[in-house]
Amino acid sequence: MTEKALRLGTRRSKLAMAQSGHVADAVRQLTGRPVELVEITTYGDTSREHLAQIGGTGVFVVALREALLRGEVDFAVHSLKDLPTAEHPDLVLAAVPVREDPRDVLVARDGLTFEQLPDGARVGTGSPRRMAQLNAYARSHGRTIETVPIRGNIDTRVGYVTKGELDAVVLAAAGLKRIGRIDVVTDFLSVDTVLPAPGQGALAIECAAANAELAAALAELDDPFTRVAVTAERSLLAALEAGCSAPVGALADLPQALGFVRAGEASMAQEQVVHEMRLRGVVGTTDGSSLVQLSTTGPVPTSHDQAMALGRELADEMLAKGAAGLMGEREL
């Protein structure tokens, strides 16, 4: 008799289905059990309001979590950056797999890079975090851009450029890679220019805390370096009392001369020479006129508590420099 299929809850978008498909394949290999995708529509998928207006935090997650708690699905896959920072008492973050490229990318007309955009270029993004940093970077180089709020899936956003409505849009590299569209990118934005959202590029695999056997099986997909890195980033976000729609960027990585190191390579790099992790944070007004950007470097955390402490410490420094006043509405 074949074993009962595990039910994986996922959003219906092309990107969510691709992400969940990758995880389903890995879980099949791991457990030898069939895995079926259960498509769930979330509030964030149906609302046409901008994320900053609907609060951002959890809008893509609540329906999946409710399905988990009702027992309609056995586990769920989220983009980690969509997950509220507060832990859910009845759910467990069973695995954070190896992170994809966390950088933001530009998709611009005529193959332009960010440096080549004309003065006054219209750049689409629904993210206050991206607006703040792009505007600040343009200002620091004596240029102006107009950031235009947009929503929609990847195809819709890229369409604004191909139809000539916008000069460029900014998206996450990870999403484009996962749906096989990385060829549309005209510029990879350095993390020195634009820090990504906390947890960007990472996935979260969640299941009911009561299902200890499944949680233990899923834990095999966990990447320890990715987990401590995103834990530090999310701790920073939580300590700033900011939701995922706030203009906060954060990245924990390895301060190597070689520049950007992916988490999967980080494990190897750690074994060779790297014993330190750098955490960078930024918060700013969306017009880019004021930014607080700080970093700290310390030993690679070996526990959840150490990673949390690293994030809190940097957040405290940022708050002391006036970060709270730059975030608009803070969550109470």
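This is a selection-by-selection tour of a predicted model. Residues are numbered from 1 along each chain as its sequence is written. Because the model is predicted, local features need pLDDT of at least 70 and side-chain atom pairs count only at pLDDT 80 or more, while totals for chains, interfaces and linings use all residues; side-chain values use heavy atoms, with hydrogens and water left out.

**The five-stranded sheet**

Start with β2, β1, β3, β10 and β4, which form an open sheet in that order, with mixed pairing. Helices (H or I, at least four residues) and strands (E, at least two) are DSSP runs numbered from the N terminus, and two strands pair if DSSP finds at least two bridges between them. β2 (35–39) and β4 (91–95) are the edge strands, each pairing on one side only. From one strand to the next the twist averages 35°.

Select β1 (residues 6–10) and β3 (residues 75–79): two bridges pair them in the parallel sense. G9 has A76 of β3 as its bridge partner.

Next select β5 (residues 104–108). Five of its five residues are buried, so this strand is largely enclosed by the rest of the structure; buried means under 20% relative accessible area, exposed over 50%, partly exposed in between (1.4 Å probe, protein chains only). D104, L106 and A108 point one way from β5, and V105 and V107 the other way. In a regular strand the side chains alternate between the two faces of the sheet.

Show β8 (residues 168–172), which runs antiparallel to β5 and is joined to it by five bridges; V105 stands opposite L171 there. Then show β9 (residues 187–188), also antiparallel to β5, with two bridges. Here L106 stands opposite D187.

**Helix α6**

Move to α6 (residues 154–162), where I154, R157, V158, G159 and V161 are buried. Their cover includes α1 (14–31), β5, β8 and α7 (173–178). At the start of α6, a side-chain oxygen of N153 comes within 3.2 Å of the backbone nitrogen of D155. Just after the helix, G164 has a positive phi of about 80°.

Select D253 in strand β11 (residues 248–253). D253 is buried, at a relative accessible area of 4%. Its side chain makes a polar contact with the side chain of R280 (3.2 Å); such a contact is a pair of N or O atoms within 3.5 Å, and within protein one must be able to donate a hydrogen and the other to accept it, with residues adjacent in sequence counting only if both atoms are side-chain atoms. Leaving aside residues up to four places away in sequence, D253 touches E276, M277, R278 and R280.

A246 lies in the loop between α9 and β11 and is buried, at 12% relative accessibility.

Terms used: Axes fitted to C-alpha atoms, helices over the stretch in contact; angles between N-to-C directions. Contact = heavy atoms within 4.5 Å.
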